[in-house]
Amino acid sequence: MSEPQEPENSTQRLPTVEAAPSGGVLEMDQSTSGSTYEPDPAQAQPGGRAGRFWSGRRIPAALVALVLLGGTGLLLYDVAAVRAGRPAMQWRRSVADDLASRHLDDVWVLAGTALAAALGLWLLLLALSPGLRALLPMNRRHAGVRAGLDRNAASLVLRDRAVEVAGVQSVRVKMSRRRATVRALSHFRELDDVRADLDTALGSAVGELDLARPPGLSVHVRRPAKKG
């Protein structure tokens, strides 16, 4: 079955963009108005709960597996060699003698213990946290189908919608999982009027993103810095 065609100029096709272009920071000399918009909580969708995406953690898992495989293989080889009547490797004898002569309050023992504990906590954190913070889950319309939107793509959609407002010269959007902060420069029109139009346009854009947890919207409008 073919996909339904989106109407022309619809922003629903924009989230396929991978990354937004970088922009410079502009200095501002007049601070005026700011507003905050909190969307209504997302209602349960027929497809089920839209939870966060979990990272596969392939690189940390591969590194840990390689280290454990190498260390275990080397130790088993040395143990088998000792069982066969050959002397143990020099490194194992040196480590055993060094550990036997050191006290528990030795600096190197404490440092090694702290390092091992830190690595263990880091691995536990990776195992228990979802990861993929840059991927925002979207509402589930159908069972068995999950969709996500990259934060850069979401910020690009909001930026493009904001620059369409009359009086807006430039826009910077900072997108997080819980809040979208929009800072706009207005070179004409009253700032309160520009802010009101931005609230309306961006509130509609946030709803059209169809996110499972729509972010709160914080809008700030200022004048450009005066030259000279």
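1. Covering of helix α4. In this predicted model, the buried residues of α4 are covered by elements that include the strands β2 (135-137), β3 (148-150), β4 (168-175) and β5 (179-186), together with helix α5 (191-208). The residues of α4 that are buried are Ala 153, Ala 154, Ser 155, Leu 156, Val 157, Leu 158, Arg 161 and Ala 162.

2. Geometry of α4. The helix comprises 13 residues, 151-163.

3. N-terminal cap. The N-terminal end of α4 is capped by Asp 150. A side-chain oxygen of Asp 150 lies 2.9 Å from the backbone nitrogen of Asn 152.

4. Side chains of opposite charge can pair when their charged atoms come close. Glu 208 and Arg 161 form a salt bridge in which the closest N and O atoms are 2.9 Å apart. This pair links distant parts of the chain, since Glu 208 belongs to helix α5 and Arg 161 to helix α4, 47 residues apart. Which of these partners is buried? Arg 161 is, because its relative accessibility of 13% falls under the 20% cut-off. Glu 208, at 34%, counts as partly exposed.

5. Salt bridge between Arg 159 and Asp 160. Asp 160 forms a salt bridge with Arg 159, and the closest N and O atoms are 3.3 Å apart. Arg 159 is partly exposed, with a relative accessibility of 26%. Asp 160 also counts as partly exposed, its relative accessible area being 24%.

6. How far apart are the closest N and O atoms of the salt bridge between Arg 195 and Asp 192? The distance is 4.0 Å. Arg 195 and Asp 192 are three residues apart in helix α5, which means that about one helical turn separates them. An α-helix has 3.6 residues a turn, so residues three or four places apart point the same way. Asp 192 is partly exposed at 46% relative accessible area, and Arg 195 is partly exposed at 22%. Elsewhere, salt bridges that share partners join Asp 98, Arg 102 and Asp 106 into one network.

7. Overall count. The salt bridges number seven. Those described above include the pair of Glu 208 and Arg 161 and the pair of Arg 195 and Asp 192.

Terms used. Residues are numbered from 1 along each chain as its sequence is written. This is a predicted model: local features need pLDDT of at least 70, side-chain atom pairs count only at pLDDT 80 or more; totals for chains, interfaces and linings use all residues. Side-chain values use heavy atoms; hydrogens and water are left out. Helices (H or I, at least four residues) and strands (E, at least two) are DSSP runs, numbered from the N terminus. The expected span of a helix is 1.5 Å times one less than its number of residues. Buried means under 20% relative accessible area, exposed over 50%, partly exposed in between (1.4 Å probe, protein chains only). Contact means heavy atoms within 4.5 Å. A polar contact is a pair of N or O atoms within 3.5 Å; within protein, one must be able to donate a hydrogen and the other to accept it, and residues adjacent in sequence count only if both atoms are side-chain atoms. A salt bridge is a side-chain nitrogen of Lys or Arg within 4 Å of a carboxyl oxygen of Asp or Glu.
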